[in-house]
Amino acid sequence: MMDEGKLFLGGSRKPDDSFSKPEYLHLPFANRHGLITGATGTGKTVTLQILAESFSSAGVPVFCSDIKGDLSGIAARGEEKDFLLKRAEQIQFSEYDFDAFPTIFLDLYGEKGHRVRTTVAEMGPLLLARLMDATDAQEGVLNIAFKIADEGGMALLDLKDLQALLNYVGEHASEISSRYGFVSKASVGSLQRGLLVLEQQGAAHFFGEPALEISDLMRTTQDGRGMITVLAADRLMNNPRLYATFLLWLLSELFEELPEVGDPEKPKLVFFFDEAHLLFNEAPKVLVERVEQVVRLIRSKGVGVYFVTQNPLDVPETVLAQLGNRVQHALRAYTPREQKAVKTAAETFRANPGFDTGEAITALGTGEALVSTLEGKGAPSVVERTLIRPPSSRIGPISDAERQQIIEDSPIAGRYDRDVDRESAYEILMARAAKATAAKQENEEEPADSAAGRWSLPGFGDEPEEKPTRSRSAGRSGYQRETVVEAAMKSAARSFANSLGRAIVRGILGSLKR
């Protein structure tokens with residue numbers, strides 16, 4: 001049943017419920033993305049599990065999130081149970097066996113997996129504004145702050161770096177406004193309060209170094225199987241916006257870093273976006289448009305994105321149109337919205353003359369789904385009522401002891417588990433502020449006439465090295481008319497050129513290109 005270039009999903013049934021034929025997902029079209037939907041308790045998690053197993057066996061690395069903790073069982077060998085063996089017999093799955101799959105556990109909090117984090121600079125202003133639920137005005141201020149940091153070569157690594165930078169922007173709002181556009185102190189204050197809220201919600205765990213390397217998501221084992229990276233998200237789900245923003249950042253990193261490969265024989269990585277509705281809930285139009293653009297273009301980088309959610313209406317039509325492989329579990333139709341969802345789901349399938357798709361969606365049993373995948377020249381197959389195959393790994397969570405052993409034996413053990421706090425915007429701004437304070441005190445001790453014509457830039461420390469005399473001051477009146485921020489940017493540009501030697505470039509979702 002594991003034909004070359006195909007992943008066995010299950011067996012479709014005839015009208016009399018007898019076995020009809022095996023149903024496959026074709027690897028050459030697996031990067032055309034997919035959708036797994038269905039009401040709670042209908043079998044979406046197990047479908048995700050068997051897809052992850054199959055991709056791993058085919059040598060394709062997988063990233064997925066574990067919302068309830070039960071997906072962790074993919075790392076342990078399955079247990080022989082009557083209902084599993086019965087399902088295998090029903091779909092004529094003669095090669096059914098039990099196995100454990102190579103797994104790496106990640107956790108933003110470092111409790112149930114390796115610490116995973118990124119820097120504020122790499123996330124970028126667009127996603128950070130989404131995380132903070134910022135207004136347009138606040139997002140504008142955030143973009144200006146990032147612009148100053150980028151041009152000045154000040155690394156934004158964690159929340160304290162951004163807090164220090166916003167503090168500087170607020171203190172020098174009028175000077176900065178003359179160069180970059182209006183900066184409202186009220187907007188700066190709102191952003192600072194937003195950062196405090198994020199810190200209280202645990203977002204500080206996510207920002208810092210060492211940042212996650214995308215290459216660690218694309219590992220294979222010595223025997224050629226793809227590593228399955230599982231993000232422990234049960235605690236993370238207490239902050240749904242952080243969860244969705246993290247996965248979106250990860251998707252944007254894949255898009256920006258991976259090279260174009262066209263249409264490979266199999267994907268380079270498959271990315272499962274569970275609870276996908278959290279990504280689009282109250283998302284601004286510009287973000288939805290860019291997500292649609294990423295989903296449309298990332299296919300040529302060899303990445304397949306599979307959205308997992310309860311209702312097909314959770315995904316905007318522009319994104320839904322990009323999802324070629326569909327697994328639809330049962331939906332309930334008690335409310336008008338649910339009835340609309342059933343109708344929408346039915347209309348997206350290529351009709352099967354053997355049954356009514358809309359009626360079938362509401363009558364599906366647990367572990368049963370309507371399946372349509374791309375085949376031939378990329379056309380969707382006729383929808384089939386399918387019994388999903390049983391998983392080879394364990395159904396349900398692994399024990400804490402088993403998880404700890406897997407973490408200790410992981411190929412990335414020790415790489416992300418220790419914080420690194422190098423010099424960044426916070427330290428730079430604090431040092432410059434201290435230098436400016438010292439210079440101010442020195443000036444106050446000098447005779448008033450000897451300090452005439454001097455200027456200083458608080459926070460940047462651009463005071464003249466030599467004490468100006470009256471004659472020099474008078475001769476440099478043109479230089480004094482230069483704005484404070486212009487002088488700061490000249491100094492920052494010099495520092496930037498010396499320390500980085502390259503331009504800051506941001507990608508389609510505002511994330512930093514490494």
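How many bridges join strand E5 (residues 103-107) to strand E7 (residues 228-232), and do they run parallel or antiparallel? I found four bridges, and the two strands run parallel. Leu106 has Leu231 of E7 as its bridge partner. I count two strands as paired if DSSP finds at least two bridges between them. Strands (E, at least two residues) and helices (H or I, at least four) are DSSP runs, numbered from the N terminus.

**Basis.** The model is predicted, so I note that local features need pLDDT of at least 70 and side-chain atom pairs pLDDT 80 or more, while totals for chains, interfaces and linings use all residues. Residues are numbered from 1 along each chain as its sequence is written, and side-chain values use heavy atoms, with hydrogens and water left out.

**Sheet.** I traced an open sheet of 12 strands with mixed pairing, in the order E2-E1-E14-E11-E10-E3-E9-E8-E4-E7-E5-E6. E2 (19-26) and E6 are the edge strands; each has a single partner strand, so one side of each lacks a neighbour in the sheet. Helix H14 (residues 400-408) packs on the sheet and touches E5, E6 and E7 (contact: heavy atoms within 4.5 Å). The direction of H14 makes about 100° with that of E5; axes are lines fitted to C-alpha atoms, for helices over the stretch in contact, and angles run from 0 to 180 degrees between N-to-C directions.

**Strand E3.** I then looked at E3 (residues 34-37), which pairs in the parallel sense with E9 (residues 303-309) over four bridges. Four bridges also join E3 to E10 (residues 325-328), again parallel. Leu35 is bridged to Phe307 in E9, and Ile36 to Val327 in E10. Both faces of E3 are covered, with Gly34 and Ile36 buried on one side and Leu35 and Thr37 on the other. Buried means under 20% relative accessible area, exposed over 50%, partly exposed in between (1.4 Å probe, protein chains only).

**Arg115.** This residue lies in E6 (residues 114-115). Arg115 is buried, at a relative accessible area of 14%. Its side chain reaches the backbone oxygen of His205 at 2.7 Å and that of Leu108 at 3.3 Å.

**Helix H12.** Which residues of H12 are buried? They are Ala341, Val342, Ala345 and Ala346. They cover an arc of only 130° around the axis, which puts them on the same side of H12; the arc is that of the directions from the helix axis to the C-beta atoms. The face turned away carries the exposed residues Pro336, Lys340, Lys343 and Glu347. I found E10 and helix H13 (357-363) included in what covers the buried residues.

Terms used
Polar contact = N/O pair within 3.5 Å; in protein donor to acceptor, adjacent residues only side chain to side chain.
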